[in-house]
Structures are given as structure tokens and as C-alpha cells.
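Subject: Structure handover

Hello,

Please find the structure below. My notes on it follow.

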Amino acid sequence: QVQLVESGGGLVQAGGSLRLSCTASGSIFSINTMGWYRQAPGQQRELVATVTAAGRTNYGNSVQGRFTVSRDNGKNTVYLQMNALKSDDTAVYYCSANAFPAAWGRAYDYWGQGTQVTVSS
């Protein structure tokens, strides 16, 4: 079983920075894409950023140029560096990973429980 644990959320003033981390644990053979999604109050879930095992990144339009996603394959960890935060970045941020569990020959999607990021004006 694969589990994702997120950390790093909190309260920050507009213009500030936060760094989120998410570590996958359990019986993992390999991890393909890891990334971050967010959901603000009254909004649909939104893509924030993803990164493949080869290091290719993809960003949502609203965070392009401000956020940076990275990963440490040896630690099974993905990071999200958030700079120049705005009030509309306030949301619950969810970590996601597409991974091959050790006991199976196909990949599955896994999700963390989410971490709250609140940006004050």
C-alpha cells in the first residue's frame, strides 16, 4: 500500500513564500508523475504543478512563474516552492502520485490528505 504525507502548509502574508513537501511511503516499486493540486472554497480542484520521473514539469496557468515543483527520487518526495503568494492562492493543497506498487504490475493514482495554505492580505 502506498501512502502520501504532506507538510509545510500554514499562514503567510501576501508576497511571502512557503515550501510544501510530500513523501510517498509503503511498498513502492517506482513512481511516475508526482504533483500538486489545490481546491479553494467554492472552487473546483485545480492543477498546480506536476513533475515526471524524468524531471519534466507542468504548471497551471495561475501559478506559472511563481511556483516551482521538484522531486527527490531517492526520497520519494515532491516539493512545491511557492513564491510571491497571493490571496487567491489560499486553498487546500493535495499531493498526488502515479506509482507502481510492489505487489502489482500496473500503476495507480494515490492522493494525500491535503494541507491548508492561507495567504493573508
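The torsion about the S-S bond of C22 and C95 is about -80°, so this disulfide is left-handed. A disulfide here is a pair of cysteine sulfur atoms within 2.5 Å; the sulfurs of C22 and C95 are 2.1 Å apart. C22 sits in strand β3 (residues 18–26) and C95 in strand β9, so the bond ties together parts that are 73 residues apart in sequence. Strands (E, at least two residues) and helices (H or I, at least four) are DSSP runs, numbered from the N terminus. The structure holds one disulfide. Both of its cysteines, C22 and C95, are buried. Buried means under 20% relative accessible area, exposed means over 50%, and partly exposed is in between (1.4 Å probe, protein chains only).

A word on the source. This is a predicted model, in which local features need pLDDT of at least 70 and side-chain atom pairs count only at pLDDT 80 or more, while totals for chains, interfaces and linings use all residues. Residues are numbered from 1 along each chain as its sequence is written, and side-chain values use heavy atoms, with hydrogens and water left out.

Next, the salt bridges. There are three in the structure. The term means a side-chain nitrogen of Lys or Arg within 4 Å of a carboxyl oxygen of Asp or Glu. R38 pairs with E46, with the closest N and O atoms 2.9 Å apart. R38 also meets D89, at 3.0 Å from N to O. R38 lies in strand β4 and D89 in the loop between β8 and β9, so this pair ties together parts that are 51 residues apart in sequence. D89 in turn meets R66, at 2.8 Å. That pair links distant parts of the chain too: R66 is in the loop between β6 (57–59) and β7, 23 residues from D89. Together, R38, E46, R66 and D89 form a network of salt bridges.

How exposed are these four? D89 is buried, with a relative accessible area of 0%. R38 counts as buried at 5%, and R66 counts as buried at 12%. E46 is partly exposed, at 31%.

Now the core. The largest nonpolar core has 30 residues, and W36, L80, M82 and Y93 have the most contacts inside it. Such a core is a set of buried Ala, Val, Leu, Ile, Met, Phe, Trp, Tyr and Cys residues joined through side-chain atoms within 4.5 Å. Strand β9 gives the most to this core, with five residues. Leaving aside neighbours within four places in sequence, L80 is in contact (heavy atoms within 4.5 Å) with residues including W36, V48, F67 and Y93.

T77 lies in strand β8 (residues 77–82) and is buried, at 4% relative accessible area. Its side chain makes a polar contact with the side chain of T23, at 2.9 Å. A polar contact is a pair of N or O atoms within 3.5 Å; within protein, one must be able to donate a hydrogen and the other to accept it, and residues adjacent in sequence count only if both atoms are side-chain atoms. The backbone oxygen of K75 lies 3.0 Å from a polar atom of the T77 side chain.

Last, a strand pair. β9 (residues 91–101) and β10 (residues 108–111) run antiparallel, joined by four bridges. Two strands pair if DSSP finds at least two bridges between them. A hairpin of six residues connects β9 to β10. A99 stands opposite Y108 in β10.

Best wishes
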